[in-house]
Amino acid sequence: MMYVRGHEQDFDSWAEQTKSDIWSSKNVLKYFKRSEDYHGNYPGPAHATGNELYIGKYSYESPIQKCLFDAFKEKGISTGDVNVLPSRVFGYPDVAIKNGGRWCSYQAFIKPILQRNKLIISTFSDVVKIHLSEELNKRAIGVTYRKHGTHYFVFAKKEIIISAGVIDSPKLLLLSGIGPKDHLTSLQIKPLLDLPVGETYVAQSYIPLKFQINDSLSIIPNRNLTDKTFIEYYAKRKGPLTSFNARFGIGFTQRKNSQDPNFPDIYYVFNGIGGDSSGHELFSKDSELKPGIYEKYFKSFADKDGFIVEIACVKVKSSGNIRLATKNPNDQPLINPNYFSNPTDMACSIDGSNYHNSEKKKFFVVTAIYQELSILWTSSNPQK
């Protein structure tokens, strides 16, 4: 739900690769603005109002948020709109939240046009195959989808847009015979187009740094999510439940030996949730932690006030793949993210973890506001 457009260099590189200015940052900006109804933290010429996609700011302000940005100010660290100056800047998050609730693509773009005669939305439906025409040089001509156990075919007069996400899009192509020939043949799927589908799967990995404080400023589910909290949300659309997992700050910075002074290397998200002993099983499952990792690195943080800094590399060099397990559309694909197979990603993550503790940037430890909170970095002190 955090509104981060992406770096202009990425768009310009896509324009260069495709030999089309359609993807250039200058051209794409007008489409971002054309969709915006901006009521965020940084109004200005880079944004627009009166359009479909509501972009706002949190109605709930985490008490830790003020501490963080006071620390930035004390250390002389730039703050502002990450969508305008995203190379070296930290800022308040703009979010797709309206009246305390998520403002998703359906609400912004689909719901207002549901009455159009030419729009048909089929719910509870799964596309299982894209059909190609041998006579039309392997052109996609339609899809088969399944609804309540019955299969239906839909013919496409012009084009088919695949928008099934980073996992299910390659899965659908592979099921349709579009992908590496050897892989498809091994599953008895007739290869129609021999293409490297699923062969360059790139996924970010986040490193959480936990900081403990001596004041009740964070959100601890056992303590803060009470009946009063839920009544406040449903009756007034206010309170901590209106925030996106209490993420109160985002930022970008560069490594010391960055190859490009105009492009960020490291992405930060600041999370105002403290330790939670009640949800450790869900947290372990959601984070895909190996057995024993929670007990070793997170249990000592349980039910204590603090915050978490999530760190990720912006341009991941490691890549894995997505393959089919079987030719049955009901079966989940095989996902191999291959995290940190390129040593550059590990070096970047370490640099990101050390950024807050560098001599110049010690905004968590040596700033006045955080000394008042007796901040303690717990990530380096796993429970034995």
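Me: Where is the place of Asn271 in the protein chain, in strand terms?

Reply: Strands (E, at least two residues) and helices (H or I, at least four) are DSSP runs, numbered from the N terminus. Asn271 sits in strand E13, which covers residues 266–271. Before we go on, this is a predicted model, where local features need pLDDT of at least 70, side-chain atom pairs count only at pLDDT 80 or more, and totals for chains, interfaces and linings use all residues. Residues are numbered from 1 along each chain as its sequence is written, and side-chain values use heavy atoms, with hydrogens and water left out.

Me: How many helices and strands are there in the protein chain?

Reply: There are twelve helices and 17 strands.

Me: Is Asn271 buried or exposed?

Reply: Here's the idea: buried means under 20% relative accessible area, exposed means over 50%, and partly exposed is in between (1.4 Å probe, protein chains only). Asn271 has 6% relative accessibility, so it counts as buried.

Me: What is Asn271 in contact with?

Reply: Contact means heavy atoms within 4.5 Å. If you skip neighbours within four places in sequence, Asn271 is in contact with Asn245, Ala246, Arg247, Phe248, Phe307, Ile308 and Glu310.

Me: What does the side chain of Asn271 reach at 2.9 Å?

Reply: That's the backbone nitrogen of Ile273. For polar contacts, look for a pair of N or O atoms within 3.5 Å; within protein, one must be able to donate a hydrogen and the other to accept it, and residues adjacent in sequence count only if both atoms are side-chain atoms.

Me: Arg247 was on that contact list. Which strand is the place of Arg247?

Reply: Arg247 belongs to strand E12, residues 247–253. With a relative accessible area of 14%, Arg247 is buried. Its side chain makes a polar contact with the side chain of Glu310, at 3.2 Å. Not counting residues up to four places away in sequence, Arg247 touches Met2, Tyr58, Pro93, Val269, Phe270, Asn271 and Glu310.

Me: What is phi of Asn99 near?

Reply: Phi of Asn99 is near 55 degrees, a positive value in a residue other than glycine. You'll find Asn99 in the loop between strand E4 (97–98) and strand E5 (101–102). Asn99 is exposed, with a relative accessible area of 60%. Phe340 also has a positive phi, near 60 degrees, and is a residue other than glycine. Look for Phe340 in the loop between strand E16 (334–336) and helix H11 (343–355). Phe340 is partly exposed, at 30% relative accessible area.

Me: How many residues apart in sequence are Leu173 and Lys129?

Reply: They are 44 residues apart in sequence, and 7.6 Å apart in space, C-alpha to C-alpha. Leu173 lies in helix H5 (residues 165–175). Leaving aside neighbours within four places in sequence, Leu173 is in contact with Ile130, Ile162, Ile178 and Val197. For the protein chain, among contacts between residues at least 6 apart in sequence, 62% join residues at least 24 apart.

Me: What radius of gyration does the protein chain have?

Reply: The radius of gyration is taken over C-alpha atoms, and the globule rule is 2.2 Å times the number of residues to the power 0.38. With 384 residues, a compact globule would be near 21 Å; the protein chain has 24 Å, which agrees. Along the principal axes, the C-alpha atoms fill a box of roughly 75 × 50 × 45 Å. Buried residues make up 41% of the 384.
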